[in-house]
Amino acid sequence: MDTGFTVAQLRSATADAVRAPSLHNTQPWRFRLRDGGIELSLDPARRLPATDPSGWGARISCGAALFNLRLALAVAGTPATVRLRPYPTEPDVLARLVPATPRPATPTDRSLYAAVPRRFSNRAPFWPDPVPADVRWRLGEAARAEQCWLELVIGTSAVNAFAAVARSAHRVLERDPDYRRERAAWIRREPAPDGVPAAAGGPQSEPQDLLPMRGFGDHSRAPGRDFEPEPLVAVLGSAGNTAADQVLAGQALQRVLLTATDAGLSVSLLSQPIEVPGAREALRLSLGRFGTPQMVMRVGYGLPGVATPRRSVDEVLDLPVVSA
């Protein structure tokens with residue numbers, strides 16, 4: 001009886017895993033087959049030393065890729081049991097997946113899987129249409145299904161308080177020349193398999209904007225025009241802040257993003273308040289939550305986002321060398 005995954009299953013699932021979001025679209029993941037199990041590792045060569053010195057963002061990104069990997073295997077009828085950080089002496093190996101009892105995919109699995117190729121970050125302004133209460137509930141349930149929490153920032157005063165924290169964090173980051181250089185190095189104005197295309201970067205920030213936007217795009221807008229006066233802000237958090245908690249949060253993030261996509265919503269990620277420790281703690285206190293905020297999202301209805309490029313499956317696989 002076959003008790004392990006095959007190279008064909010690894011390749012097929014990896015093609016979906018690499019569609020996950022990542023900080024600056026660095027795609028900091030690698031995949032391999034070892035002893036019949038699929039392993040997901042963090043690629044240290046794709047860390048962002050100025051933006052992400054602790055590796056938090058890379059682990060969140062790999063967690064999102066892990067969720068896609070799990071989902072692809074489940075839809076193929078070959079679900080996996082996942083062990084996080086399986087080897088104490090190999091900290092960059094973030095997850096090992098081994099075959100579980102075969103079963104048909106659930107309707108939820110199929111709906112989320114169908115959303116994988118349609119999920120793009122949307123850095124453009126959203127429409128004023130409110131997100132219905134039942135859809136907001138679905139987003140919260142998606143986070144809970146992955147052992148995390150999702151807090152929606154509701155009301156003018158709450159949004160303004162969050163915006164003050166976010167703008168303060170943004171100013172702290174922008175004062176660092178290494179941070180600015182690193183961001184600029186990942187903007188792509190010519191075709192490339194990674195990084196953020198300038199066309200997908202959204203409009204440039206204006207002083208009157210409520211929320212800070214990272215300066216990826218080249219688009220400008222009329223002076224004095226609001227970017228988005230009443231955004232819906234969602235904060236995703238986990239019980240702790242260990243490396244394993246961050247991978248869990250990445251999985252929850254991707255489930256929330258796919259649930260939003262399935263509901264016809266657009267989302268962009270706003271991580272500046274997470275990248276600055278003082279801002280992250282201020283955010284946690286303002287929410288009155290235990291645990292650790294791991295990502296902030298701007299959620300709403302808008303035009304479809306612009307796809308960002310991905311490296312090929314062959315570029316992210318580590319396959320054993322077969323001797324002649």
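Strand E8 (residues 232-238) and strand E10 (residues 292-300) pair in the antiparallel sense over seven bridges; two strands count as paired if DSSP finds at least two bridges between them. Gly237 stands opposite Pro293 in E10.

The model is predicted, so that local features need pLDDT of at least 70 and side-chain atom pairs count only at pLDDT 80 or more, while totals for chains, interfaces and linings use all residues. Residues are numbered from 1 along each chain as its sequence is written, and side-chain values use heavy atoms, with hydrogens and water left out. Helices (H or I, at least four residues) and strands (E, at least two) are DSSP runs, numbered from the N terminus.

E8 and E10 belong to an open sheet of four strands, with the order E5-E8-E10-E9 and antiparallel pairing. Its edge strands, E5 (148-153) and E9 (266-269), each pair on one side only. From one strand to the next, the twist averages 30°.

Axes are lines fitted to C-alpha atoms, for helices over the stretch in contact, and angles run from 0 to 180 degrees between N-to-C directions.

| Helix | Strands touched | Angle of directions |
|---|---|---|
| H4 (residues 133-145) | E5, E8 and E10 | about 150° with E5 |
| H7 | E5, E8, E9 and E10 | about 10° with E10 |

Helix H7 (residues 243-262) has 20 residues and reaches 29 Å from its first C-alpha to its last, close to the 28 Å expected at 1.5 Å a residue; the expected span is 1.5 Å times one less than the number of residues. Because 18 of its 20 residues are buried, H7 is largely enclosed by the rest of the structure. Buried means under 20% relative accessible area (1.4 Å probe, protein chains only). Gly264, with a positive phi near 85°, follows H7.

Definitions and conventions. Buried means under 20% relative accessible area, exposed over 50%, partly exposed in between (1.4 Å probe, protein chains only). Contact means heavy atoms within 4.5 Å.
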